[in-house]
Amino acid sequence: MRLLVAAMDVEMVAFSEPIEGFDMLVTGLGKLQAAVGLTKALSAQTYEEIVVVGTAGALDPELEASVYEVVSALQHDVADLDGVVGQHVALPPRVGASVDGVTIATGDRFIDDADAVTHIRALGASLVDMETYAYMWTAENFGVPIRVFKAVSDRAQDGATELWDVTVTRCSGWLRERIRVEYGV
C-alpha cells in the first residue's frame with residue numbers, strides 16, 4: 001500500500017475517487033502540520049512508498065507551468081547560529097536524493113514577493129512550497145521511500161496568492177494525470 005499525501009483538500013480535488021493501492025492523507029499547511037500528520041500516518045500503518053502531490057511556486061523562470069518531480073528540499077526560513085540562511089541548527093541543510101534534479105525550498109509562509117524569490121533562488125532551489133522538506137525529512141526518519149510531484153501554480157511574485165486560488169484546481173488535474181501515468185491507476 002502507498003500513501004498519497006497533500007497539504008490541502010483543494011490540491012486533491014481531482015483525486016475524488018479512491019485509487020487502488022493508495023490511502024490518502026491531507027496534513028494541513030506548513031512544516032509542522034506536514035510533519036505531525038505524516039508521522040501519525042506512518043506510526044499507524046506501514047507503507048511501501050509515500051507519494052506527495054501539491055502545488056508550488058516557480059522560482060526558476062525556465063520552469064513552465066507543469067508537474068515536476070522534486071528530488072531534494074531545503075528550508076529557506078531558517079538560519080544556524082552563525083546566521084547562515086538555509087542552515088538549521090539541528091537538521092540537515094538538504095533532504096532527499098543527492099542526484100541532479102528539481103530542488104524545492106520549503107518555508108512557513110506563502111511566497112509572493114520578487115525580492116524573496118531572488119533570495120530563495122540563491123539558495124539553489126527551483127520551486128518553493130510550505131511542506132516538502134518536512135515530508136521528506138519525516139519519510140527519511142521512518143525509512144520509507146518518498147516521491148514528490150509538484151505542479152507549478154504561480155511564479156511566487158506579487159499577486160501569487162490570488163493566482164494560486166485560480167490555478168489550484170487545474171494543478172490538481174495535472175497531478176492526477178501524472179499519478180495515472182506513473183502508477184497506472
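## A walk through the predicted model

Set aside the neighbours within four places in sequence, and Asp23 is in contact with Met1, Arg2, Leu3, Leu4, Gln45 and Tyr47. The model is a predicted one. Asp23 sits in strand 2, which covers residues 22-26. One of its contacts, Tyr47, shows how sequence and space can be read side by side. Asp23 and Tyr47 are 24 residues apart in sequence, and their C-alpha atoms are 9.2 Å apart in space. How accessible is Asp23? Its relative accessible area is 24%, so Asp23 is partly exposed. Buried would require a value under 20%.

Now step back to the whole chain. The protein has four helices and eight strands. Along the sequence they follow the pattern β-β-α-β-β-β-β-α-β-α-β-α. The radius of gyration is 15 Å, close to the 16 Å that the globule rule gives for 185 residues, so the protein is as compact as a globular protein of that length. Along its principal axes, the C-alpha trace spans about 45 × 35 × 30 Å.

Contacts across the sequence come next. Take the contacts in the protein with a separation of 6 or more: residues 24 or more positions apart account for 71% of them. Burial can be counted too. Of the 185 residues, 49% count as buried. The accessible surface comes to about 8700 Å², and carbon and sulfur atoms hold 53% of that surface.

Move on to the loop between helix 2 (114-121) and strand 7 (127-129), where Ser126 lies. Is Ser126 buried or exposed? Its relative accessibility is 12%, so Ser126 counts as buried. Which residues does Ser126 touch, not counting those up to four places away in sequence? They are Gly57, Ala58, Leu59, Asp60, Leu63, Val102, Thr103 and Arg121. Arg121, in that list, falls within the residue range of helix 2.

Finish at helix 3, residues 132-142. Which of its residues are buried? They are Thr132, Tyr133, Ala134, Tyr135, Met136, Thr138 and Ala139. Just after helix 3 comes Gly143, which takes a positive phi of about 70 degrees.

Terms used. Residues are numbered from 1 along each chain as its sequence is written. This is a predicted model: local features need pLDDT of at least 70, side-chain atom pairs count only at pLDDT 80 or more; totals for chains, interfaces and linings use all residues. Side-chain values use heavy atoms; hydrogens and water are left out. Helices (H or I, at least four residues) and strands (E, at least two) are DSSP runs, numbered from the N terminus. Buried means under 20% relative accessible area, exposed over 50%, partly exposed in between (1.4 Å probe, protein chains only). Contact means heavy atoms within 4.5 Å. The radius of gyration is taken over C-alpha atoms; the globule rule is 2.2 Å times the number of residues to the power 0.38. Accessible areas come from the Shrake-Rupley method with a 1.4 Å probe; for residues, only the protein chains shown count as cover.
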